[in-house]
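Here is a walk through a protein model, taken part by part. Please keep the sequence and the 3D view open while you read.

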Amino acid sequence: MKLDAKIPSGPLASKWVRHRSEVKLVNPANKRKLSVIVVGTGLAGASAAASLAELGFAVKAFCFQDSPRRAHSIAAQGGINAAKNYQNDGDSVHRLFYDTIKGGDFRSREANVHRLAEVSGAIIDQCVAQGVPFARDYGGFLANRSFGGAQVSRTFYARGQTGQQLLLGAYQALERMIAAGSVQMFSRHEMLELVVVNGHCKGIIARDLVTGALERHAADAVVLGTGGYANVFFLSTNAKASNVTAIWRAHKKGAAFANPCYTQIHPTCIPVAGEHQSKLTLMSESLRNDGRVWVPKNAEDRTKAPRQIAESDRDYYLERKYPSYGNLAPRDIASRGAKQVCDEGRGVGPGGLGVYLDFANAISRLGEATIKERYGNLFEMYERITGEDAYKVPMRIFPAVHYTMGGLWVDYNLMSSIEGLHVIGEANFSDHGANRLGASALMQGLADGYFVLPYTIGAYLAGSKAPRPDVTHPAFAEAEAAARAQLDRLLAIRGKRTVLSYHRELGKILWNECGMARNKAGLEKALRAIPPLRAEFWENLNVLGSGAELNQSLEYAGRVADFMEFAELLCQDALHREESCGGHFREEHQTEDGEATRDDERFAYVAAWEYGGPGKSTLHKEPLVYEEVKMATRSYK
Amino acid sequence: MKLTLKVWRQTSAKSRGKLVEYAAPDVSPDMSFLEMLDVVNEGLIAKGEEPIAFDHDCREGICGACSLMIDGEAHGPENLTTTCQLHMRKFNDGDTITIEPFRARAFPVIKDLVVDRAPFDRIIAAGGYVSVSTGSAPDGNAIPIPKDDAETAMDAAQCIGCGACVAACKNASAALFVSAKIAHLATLPQGRVEREARALSMLAQADHEGFGGCTNTNACEAACPKGISVSFIAQANREYLRAVVKKA
Ligand SMILES: Cc1cc2nc3c(=O)[nH]c(=O)nc-3n(C[C@H](O)[C@H](O)[C@H](O)COP(=O)(O)OP(=O)(O)OC[C@H]3O[C@@H](n4cnc5c(N)ncnc54)[C@H](O)[C@@H]3O)c2cc1C
Ligand code: FES
């Protein structure tokens with residue numbers, strides 16, 4: 001496999017502008033004749049599908065929900081970054097670029113990140129024009145808030161529902177193109193196979209989830225905007241149906257998978273209440289501005305009522321270990337701190353997997369009214385879920401898997417290692433390196449969909465001589481047969497265990513051995529545990545019903561089957577990367593006081609894996625060459 | 001907690017459905033309503049019975065996928081709460097709970113508790129957008145918008161498109177859903193350019209889909225998990241009249 005990132009030459013700051021004006025254009029008369037399949041209609045997919053249709057391409061878009069408006073993107077709360085410098089606080093394209101590179105712990109591609117920062121401003125303009133009701137100040141101008149990893153205020157937001165409003169903007173743009181007849185929308189459809197003809201991706205096999213019918217769809221190019229894979233851990237903050245299927249099946253057809261071990265864990269989520277837990281809910285990190293994190297000093301106190309534990313018997317461990325950052329230590333540090341005290345047996349709440357986030361001090365200092373004004377809706381949400389009143393007893397929080405930086409490898413044009421297959425949004429690996437900064441995923445999804453892919457896909461479409469095949473081509477028959485065989489096999493097992501039970505078991509292995517902190521022995525243990533679990537899955541799974549109807553267990557089984565394979569690659573990547581960087585923390589590689597140590601000599605590359613059967617992937621390295629920025633050590637002391 | 005469930009089971013759009021009784025013997029008050037259904041489903045599969053189908057995804061009250069009538073109330077007994085955010089501590093040991101799909105002529109049942117809400121997408125496609133192609137937008141701060149207007153637009157734009165308003169309405173009217181979008185866009189300068197055409201075509205599409213008329217019972221507002229106000233229906237009516245007058 002040859003990986004050519006196709007980064008344009010010339011100075012960093014002018015690469016994109018030049019590339020954009022030099023990239024091949026498709027003759028307007030030909031655009032109607034060219035068709036593009038967009039799988040996924042979250043922020044990335046909906047914005048891409050709408051924009052491509054506006055340009056004149058014939059677009060087919062797919063999502064598995066009943067409506068494109070329900071994609072996981074809808075749940076993003078905090079905001080979206082853009083280098084507008086509306087606050088006059090010194091923001092610039094360069095500063096956003098640098099913050100993102102540094103936030104990613106120097107494991108992302110300079111040229112891609114710079115482009116992201118360059119187009120960020122236009123995203124806000126576009127969204128405002130669509131009617132996205134961003135927060136405004138009294139003069140009627142756009143308001144900003146600050147977010148982690150930046151010293152400027154560049155985050156735009158719509159209350160606590162920024163993702164919802166941005167997605168509805170993109171969804172409405174998409175519906176407009178559907179009404180115009182330029183986009184054919186296939187809701188409740190799931191892509192199961194990619195169709196590759198002579199090395200070019202030319203279509204998909206999709207299952208109509210209502211009738212169960214398998215359908216063949218051909219196109220001149222295919223785009224995947226199918227989101228992240230955090231649900232491989234079973235419990236995460238992602239929507240329940242988010243999955244790895246589309247990108248995993250593309251990987252099995254030849255698309256390189258990059259940096260799967262870069263996963264992000266969010267420190268402030270509501271802890272697990274019991275074995276029935278189905279997902280985890282994120283609580284805004286802003287709570288750490290006024291809440292103090294603590295656990296009992298002595299493990300024996302962990303079952304006592306928190307207010308019964310004397311001040312002198314409490315360990316405010318973040319304040320103790322990071323005196324200057326205190327409770328506002330960065331995400332990864334705060335998460336690992338919680339894990340450590342729980343590992344020591346000092347965690348609170350069910351299962352001892354929680355730490356207190358206590359507002360008592362803030363309430364006595366500022367009054368309950370002020371706290372209510374700042375966080376009222378979060379306290380309500382907390383009460384709805386836990387039944388506890390956080391004005392009276394401290395909240396309990398615990399870290400949870402939240403976002404995945406890894407994904408399919410793409411070049412500068414967002415094309416994967418399969419010709420014609422493009423990947424956008426969280427599904428690709430491109431911009432966040434080993435760690436994503438808050439409010440940057442929404443920015444990247446919309447950058448890819450509105451302002452990057454619509455240009456760069458032209459490089460393929462205008463240059464490719466590979467014709468669009470008819471759906472009667474043998475490659476379609478073969479892909480359809482493979483999809484059918486897998487469905488039939490899942491239905492034929494009729495064993496004893498449910499899909500959910502396997503998913504939960506797989507998630508536990510990953511969370512324990514490949515979660516917040518990883519080490520060689522643990523990863524090897526996971527790599528020994530996954531193949532037998534997968535084998536058992538294929539022998540003892542119980543999926544009832546048929547394939548010719550709406551069958552949610554069957555859909556779920558297919559997704560977990562892919563997680564079972566993908567999990568192994570995730571651990572393999574984590575095992576090979578013998579350094580700590582961003583969201584990937586290897587216990588062997590830390591300083592005496594527990595700080596991550598990167599190894600730029602050996603690991604300043606993108607790890608792109610080529611599929612060779614489960615557990616038999618080949619590593620390819622794309623070296624990360626920094627022309628503009630000097631790699632430095634992040635410090636939070 | 002021990003509960004008894006009466007759940008609507010229907011194998012397909014064409015078949016007839018009926019309520020089937022299930023025991024839920026081991027429910028923890030910390031479970032969400034959907035987690036309770038997960039547990040019931042695990043038990044059904046173990047017994048070789050097909051699990052109950054229901055729509056859900058985010059389980060955070062924002063995607064609008066979940067959609068149950070619980071004891072006759074859309075999204076159940078708790079105000080301002082979607083089914084996925086409803087927790088079992090709101091129920092009592094020994095309760096019998098009846099669970100049915102959102103019912104409306106325009107929302108046919110697909111299976112069990114899953115209904116087809118595609119008409120909502122078609123109503124948006126009829127005009128629930130600003131016609132601005134990618135790339136043609138002016139600077140985000142070019143048009144200042146009074147803070148109050150931005151807040152009002154946001155109040156309306158919060159709609160999650162779940163359909164509870166339709167399910168709660170005796171006429172199965174989509175007035176609250178349609179009005180929220182008309183009001184959201186008409187409140188902002190960006191949306192005013194197309195306000196007349198939008199109001200006419202969205203309301204026409206809602207009629208065409210088979211949603212009923214609004215008779216101001218306000219049941220929709222009471223059922224809406226986001227608390228969207230019926231005042232937007234009045235605003236949309238004004239938009240409609242304005243459009244009719246202008247057209248005449
Ligand atoms: C709780 C939470 C809060 C967040 N808050 C923020 C924030 O404040 N700021 C920020 O920048 N980021 C935030 N993020 C991250 C951000 O929301 C996501 O990274 C981003 O929305 C992903 O968008 P996407 O378009 O790539 O994918 P998604 O929105 O996940 O969309 C995936 C799409 O692909 C479709 N799909 C997937 N597989 C298939 C298949 N096989 N066949 C057919 N269709 C398929 C789905 O139906 C869906 O339409 C948050 C994430 C979470 C979990
Ligand atoms: S599952 Fe998303 S709102 Fe309930």
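Chain B exposes about 9800 Å², and carbon and sulfur atoms supply 51% of that area. Accessible areas come from the Shrake-Rupley method with a 1.4 Å probe, and for residues only the protein chains shown count as cover. The model is predicted: local features need pLDDT of at least 70, side-chain atom pairs count only at pLDDT 80 or more, and totals for chains, interfaces and linings use all residues. Residues are numbered from 1 along each chain as its sequence is written, chains are lettered from A and ligands numbered from 1 in the order in which they are written, and side-chain values use heavy atoms, with hydrogens and water left out.

Stay with chain B. Its C-alpha atoms fill a box of roughly 60 × 35 × 35 Å along the principal axes. The secondary structure comes to 9 helices and 7 strands. These are DSSP runs, numbered from the N terminus: helices are H or I with at least four residues, strands are E with at least two. Chain B has 248 residues, and 56% of them are buried. Buried means under 20% relative accessible area, exposed means over 50%, and partly exposed lies in between (1.4 Å probe, protein chains only). Now take contacts, meaning heavy atoms within 4.5 Å. Among those in chain B between residues at least 6 apart in sequence, 69% join residues at least 24 apart.

How is chain B divided? The domain assignment gives domain 1 (3-111) and domain 2 (118-247). Such bounds come from an automatic or database domain assignment. The centres of domain 1 and domain 2 of chain B, taken over C-alpha atoms, are separated by 29 Å. Their contact takes 18 residues from domain 1 of chain B and 19 residues from domain 2 of chain B. The area buried between these two domains is about 1300 Å², and carbon and sulfur atoms give 66% of it. Buried area is the accessible area (1.4 Å probe) that two parts lose on being put together, summed over both. B:Leu80, B:Ala106 and B:Phe107 supply 35% of what domain 1 of chain B buries against domain 2 of chain B, more than any other three residues. A salt bridge is a side-chain nitrogen of Lys or Arg within 4 Å of a carboxyl oxygen of Asp or Glu.

Look next at the surface of chain B. B:Leu241 is found in helix 9 (residues 231-247). Is B:Leu241 buried or exposed? B:Leu241 counts as exposed because its relative accessible area is 53%. With B:Tyr240 and B:Val244, B:Leu241 makes a nonpolar surface patch of about 260 Å². Patches are made of residues with over 30% relative accessible area and no salt bridge; like charges are joined within 9 Å, and nonpolar side chains (Val, Leu, Ile, Met, Phe, Trp, Tyr) within 5 Å.

Now bring in chain A. The size of an interface is often given as the accessible area lost when the parts come together. Chain B and chain A bury about 6100 Å² between them, 51% of it on carbon and sulfur atoms. In this interface, 76 residues of chain B are in contact with 73 residues of chain A. The rule finds 7 salt bridges across it. A:Lys84 and B:Asp139 meet through their side chains in a salt bridge, at 3.0 Å from N to O.

Chain A is divided into domain 1 (30-264 + 403-463), domain 2 (266-401) and domain 3 (474-602). How far apart are the centres of domain 1 and domain 3 of chain A? Taken over C-alpha atoms, 24 Å separate them. Between these two domains about 3900 Å² is buried, with carbon and sulfur atoms giving 62%. A:Val232, A:Phe233 and A:Phe234 supply 17% of the area that domain 1 of chain A buries against domain 3 of chain A, more than any other three residues. Here 47 residues of domain 1 of chain A are in contact with 48 residues of domain 3 of chain A. The rule finds 7 salt bridges across this interface. A:Arg216 also forms a salt bridge with A:Glu480, with the closest N and O atoms 2.6 Å apart.

Finish with A:Cys342, in helix 9 (residues 331-343) of chain A. A:Cys342 is buried because its relative accessible area is 10%. Beyond residues up to four places away in sequence, A:Cys342 touches several residues, including A:Gly347, A:Leu353 and A:Phe398.
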